Amino acid sequence: MIWETFFSLTNGWAMLGWLVLALAPLIGLEPAARVVVLLIPTLVVAAMLWLAREVHGRIPPTALMALPLAYAAPFQLGFVNFSLASGLAIAGVALWLRLSRRAPVWVRVALFGPLACAVWLCHAFGWAMLGLFVFGAEWAQQRSSGKSWLRAAVAAAPMCVPMMMPAALAALGAGGDRLAGSTGLWFNAPLKLYWAMSVLRERWQVYDIACIAVIWVLIAVAARSHRLSFSPALAVPATLGGLAFLALPAFYAGASCVDMRMLPMTLALAVLAIRAPLGEDRLAGRLAVLSTGFFAMRLLTSTIAFALFAREQAAALRAVDVFREGAAVLVLVNEPAADNWDNPRLSHIAGLATARRRVFTNEQWALPGQQLVHPRHPRAAPYDRDPSQLIYPATVRGGGDFDHAIASFDRATFDYVWTIGFAKGRARIADLYLIWSDDRSAVYRVRSRQRAWKPEEPLSARYWQGSSDSNRGPSVLETDALTN
């Protein structure tokens, strides 16, 4: 029971949630979430620059080309726990290389066990990335001492064993549902190609593809150039990351886009590994100008893109003020197909309604072994968890059906229906009446019916395990809604 509880409180609810809760009493829950998420790209950029300096002794001319990868697809898609862990993984590689020059071997071995646990608390896949990259860096260092490739790998592996500590903790705390999620889409070449072209996917497809193509071309040119070369300390980890990207499935144990998450930091390592030989000041200057221009351009366009997304999301969130505190809300989002580049990113916008009004919605994640809170109101099913809120176009296989959802949801559970991206009045059924709408959202009240709970008891407390009382500050569910 002790290990089970520890596993749930750590891996089930990532370190990012704890960071938000630490700041929430000082500045409020939503501002705390914004500050923590805002700091993630800053951490990633700082880690990249540190790593580049450790390897080259200075910031190489191509370094700024890698920095926009801090805003790559995993961050854009909302995998903020993983993004935090990936930044710590890059910083971990930099620390490993620094200690390899300044401290005995035992210091690295002793220090990286606890550090690996800290990264694991952020995200398990980020921890796996840390181990892979550190092994690659150590392998390259062992190889530089004159060992063969095989002997270098054999020498590097034992040094990374302490970083397996989180695996032991997970094994001790593993319940029957820890790996119960779906796994699939292995070696899907079209999907791998799509991921490779959408690493910098943001808002404008042609522009974003052209930008990532610049990075791919730079790596290819450096690989064929007689004047440029790669530092093995970063090239080997980048190669291992590329192989992992090819080998991993898109879905593993319920986690999605697993292979895609590997790609941005792998490309960052490859770009940071590029070096111009001493005396090639003209070439280095040109690369520095190219990298600086690329970084400035992406920073400007990313700022504009986020501002446009924020405006659309703020418009959709005007509906939240309509909901009664602690009510239950059925959310239906008009979700574009996955290949629709300009996604308005409203899939989980209702999570903010949970934070602001403590409402129960059907958009919360409830993957086996991955969340601390789980819905426990059987009458709400199947509209009690993600992805029941997503209504895809009819052309998408397996997408939800709007009319079926409106007709079949449990009236004794939900007080409101909130449609996002559908026309006003789209919910055509007798026991729903429109109480609020704009050009983005519509809110319908479910007509009076027999209640399945006491009116004085909010569903947010009754139907979610792990939720806190309304007088105890932000609950686990609220924080998860903001950091998912």
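In helix H3, Val44, Met48, Leu51, Ala52 and His56 meet Met265, Ala268, Leu269, Leu272 and Ala273 of helix H14. Please keep in mind as you look around that this is a predicted model. The notes below start with that helix pair, move on to a nonpolar patch, and end with the chain as a whole.

**How H3 and H14 pack**

- Two packed helices are described by the angle between their axes and by how far apart those axes lie.
- For H3 and H14, which spans residues 258-273, the angle is about 35° and the axes are 10 Å apart.
- The crossing in which H3 passes H14 is right-handed.

**The nonpolar patch**

- H3, running over 29-56, also takes part in a nonpolar patch: this helix and helix H2 (15-27) each supply at least two of the patch residues.
- On the surface, the patch is formed by Leu26, Ile27, Val35 and Leu39, which together have about 370 Å² of accessible area.
- Ile27 is a handy residue to look at here, and you will find Ile27 in helix H2.

**The chain as a whole**

- The chain contains 19 helices along with 10 strands.
- Of its 484 residues, 51% are buried.
- Taking contacts between residues at least 6 apart in sequence, 75% join residues that are at least 24 apart.

Technical notes
Residues numbered from 1 in each chain as written. Predicted model: local features only at pLDDT ≥ 70, side-chain atom pairs only at ≥ 80, totals over all residues. Heavy atoms only, no water. Patch = residues over 30% accessible without salt bridge, like charges linked within 9 Å, V, L, I, M, F, W, Y side chains within 5 Å. Areas by Shrake-Rupley, 256 points an atom, 1.4 Å probe, with all protein chains shown as cover. Salt bridge = Lys/Arg side-chain N within 4 Å of Asp/Glu carboxyl O. Helix = DSSP H or I, 4+ residues; strand = E, 2+ residues; numbered from the N terminus. Buried < 20%, exposed > 50% of the residue type's maximum accessible area, 1.4 Å probe, protein only. Contact = heavy atoms within 4.5 Å. Axes fitted to C-alpha atoms, helices over the stretch in contact; angles between N-to-C directions. Left-handed = near helix turned anticlockwise from the far one by under 90°.
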